Amino acid sequence: MKRVGALITTIRWGLRLLVLILLLALVLLVLVFGTQSGTRYVLNMALGFVPQAEVESIHGSLWDGVTLENIRYDDGAGTTAEVGHVRLALSWPALSGARLHVPELLVAAVRIRLPESEPTEKSDAPLDLAALIPKLPLAIQIDQLNLRDV
């Protein structure tokens, strides 16, 4: 009988620990996605993987919608890109169905400069756009795409 009591006590403590871990994970997700400082932290970490890119300012949160101002990219080999304004809103419940739902995407003031290249022979083969799009683990749905001053 002592063994059964000890087992029940161990299970109770295990369940309490599991609930505590789940609550901490939920709090962490709310802090990261629901606050401006958490969003800024996550985006700055992501920009660390692209050292040639920088963002001047980040407003809002990934939960409610985020605005990025003055995004710049320069690869040092002549390719530069500047985007003055990006507004992105996400619908999080769609992720449960393996779908990234973007109700609103606004991109404004886009400037792209490419290095000079040598002329190549024209090909008569049609361009296969499907081959250019990478295979993603989830579907992407954009309801409203607004491009200004591109």
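Modeller: Rings of Phe, Tyr and Trp (for Trp, the six-membered ring) pair if their centres lie within 6.5 Å, and planes under 30 degrees apart count as stacked, over 60 as edge-to-face and the rest as tilted. This is a predicted model, in which local features need pLDDT of at least 70 and side-chain atom pairs pLDDT 80 or more, while totals for chains, interfaces and linings use all residues. Residues are numbered from 1 along each chain as its sequence is written, and side-chain values use heavy atoms, without hydrogens and water.

Biologist: Which residues form the aromatic pair, and what is the angle between the planes?

Modeller: The structure holds 1 aromatic pair. Trp63 and Trp92 form this pair, with 6.1 Å from centre to centre. The pair counts as stacked, since its planes make an angle of 10°.

Biologist: Is Trp63 buried or exposed?

Modeller: Buried means under 20% relative accessible area, exposed over 50% and partly exposed in between (1.4 Å probe, protein chains only). Trp92, at 21%, counts as partly exposed. Trp63 has 53% relative accessibility, so Trp63 counts as exposed.

Biologist: Which strands stand at the edges of the sheet?

Modeller: The open sheet has 5 strands in the order β1-β2-β3-β4-β5, with mixed pairing (two strands pair if DSSP finds at least two bridges between them). Two strands have a single partner each, so one side of each is left without a neighbour in the sheet. These edge strands are β1 and β5 (139-148).

Biologist: How many bridges join β4 to β5?

Modeller: β4 and β5 run parallel. Ala108 stands opposite Arg148 in β5. The number of bridges joining β4 to β5 is 9.

Biologist: Which residue makes a polar contact of 3.1 Å with the side chain of Glu56?

Modeller: Glu56 lies in strand β1 and, at 52% relative accessibility, counts as exposed. Leaving out residues up to four places away in sequence, Glu56 touches Glu69, Asn70 and Arg72 (heavy atoms within 4.5 Å). A polar contact is a pair of N or O atoms within 3.5 Å; within protein, one must be able to donate a hydrogen and the other to accept it, and residues adjacent in sequence count only if both atoms are side-chain atoms. At 3.1 Å, the side chain joined to that of Glu56 belongs to Asn70.

Notes:
Helix = DSSP H or I, 4+ residues; strand = E, 2+ residues; numbered from the N terminus.
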